[in-house]
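Let's take a walk through a protein together, one stop at a time. Have a look at the chain below, and then read on with the picture beside you.

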Amino acid sequence: MTTSSAIWAYGSLMQIGDGAVSEAFTTVAEITELTPPAMSRDDIDVSNNSSDNGYREFIPGWRDGGEVACKANWLPTNSTQSYTGTSGLHAQFNDNVKHNYKIILPSTLITISFSGFLTAFEPDLPLEEQAQLSFTIKISGKPTVA
């Protein structure tokens, strides 16, 4: 019988960079869901009158680093989530600057580093659940995995 090599996502971290020359990263508080980048690639249709058997032909085009989607327990006074902070997610949503981010998997299996900007900052206050925050980061350029 073979034992699975699956990993448990518990302990995964989402970190935001501070933009300093010697950049420091801070872990976003109480992440509950984390979706790493779903990268994609364009296809370029190069079909022509000589294409074999009337089938379309394609070549690879631009790559897209994708987006990172996260959910957290919303902590409006926490420095990583606050409306009033100067370095957290809400501040980064408003500053129109690309920032550096990291996703660190449990037991430091891999770290995904990328540059991007927030495209969504969405608090939610459901009546019968905890306050929640959803946010999305659009990746600019190539994510790196180490």
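**Pairs, patches and a buried strand**

R56 is exposed, because its relative accessibility is 59%. Here, buried means under 20% relative accessible area, exposed means over 50%, and partly exposed is in between, using a 1.4 Å probe and protein chains only. Before going further, please note that this is a predicted model, in which local features need pLDDT of at least 70, side-chain atom pairs count only at pLDDT 80 or more, and totals for chains, interfaces and linings use all residues. Residues are numbered from 1 along each chain as its sequence is written, and side-chain values use heavy atoms, with hydrogens and water left out.

What does R56 pair with? R56 forms a salt bridge with D45, and their closest N and O atoms are 2.6 Å apart. The term salt bridge stands for a side-chain nitrogen of Lys or Arg within 4 Å of a carboxyl oxygen of Asp or Glu. Strands (E, at least two residues) and helices (H or I, at least four) are DSSP runs, numbered from the N terminus. D45 counts as partly exposed, because its relative accessibility is 39%.

Why can such pairs form? Side chains of opposite charge can pair when their charged atoms come close. A search of the whole structure finds 2 salt bridges. K138 and D64 also meet in a salt bridge through their side chains, at 2.6 Å from N to O. This pair too links distant parts of the chain, with K138 in strand 9 and D64 in strand 5, 74 residues apart. D64 is partly exposed, because its relative accessibility is 31%.

Stay with strand 9 (residues 132–139), where you will find L133. Is L133 buried or exposed? L133 is buried, because its relative accessible area is 0%. Leaving aside neighbours within four places in sequence, L133 is in contact (heavy atoms within 4.5 Å) with several residues, including C70, W74, L89 and F121. The C-alpha atoms of L133 and C70 are separated by 8.1 Å, although these residues are 63 apart along the chain. T136 is in strand 9 as well, and T136 is buried, because its relative accessible area is 17%. Among the residues that T136 touches, not counting those up to four places away in sequence, are E67, V68 and F117.

Now look at the surface. I44, V46 and I59 form a nonpolar patch there, with about 220 Å² of accessible area together. Patches are made of residues with over 30% relative accessible area and no salt bridge, where like charges are joined within 9 Å and nonpolar side chains (Val, Leu, Ile, Met, Phe, Trp, Tyr) within 5 Å. Accessible areas come from the Shrake-Rupley method with a 1.4 Å probe, and for residues only the protein chains shown count as cover. I59 lies in strand 5 (residues 58–64).

Last, visit two loops. Most residues other than glycine have a negative phi. E30, however, has a positive phi near 50 degrees, and E30 is in the loop between strand 2 (25–27) and strand 3 (31–35). N96 has a positive phi near 55 degrees, and N96 is found in the loop between helix 1 (89–94) and strand 7 (99–104).
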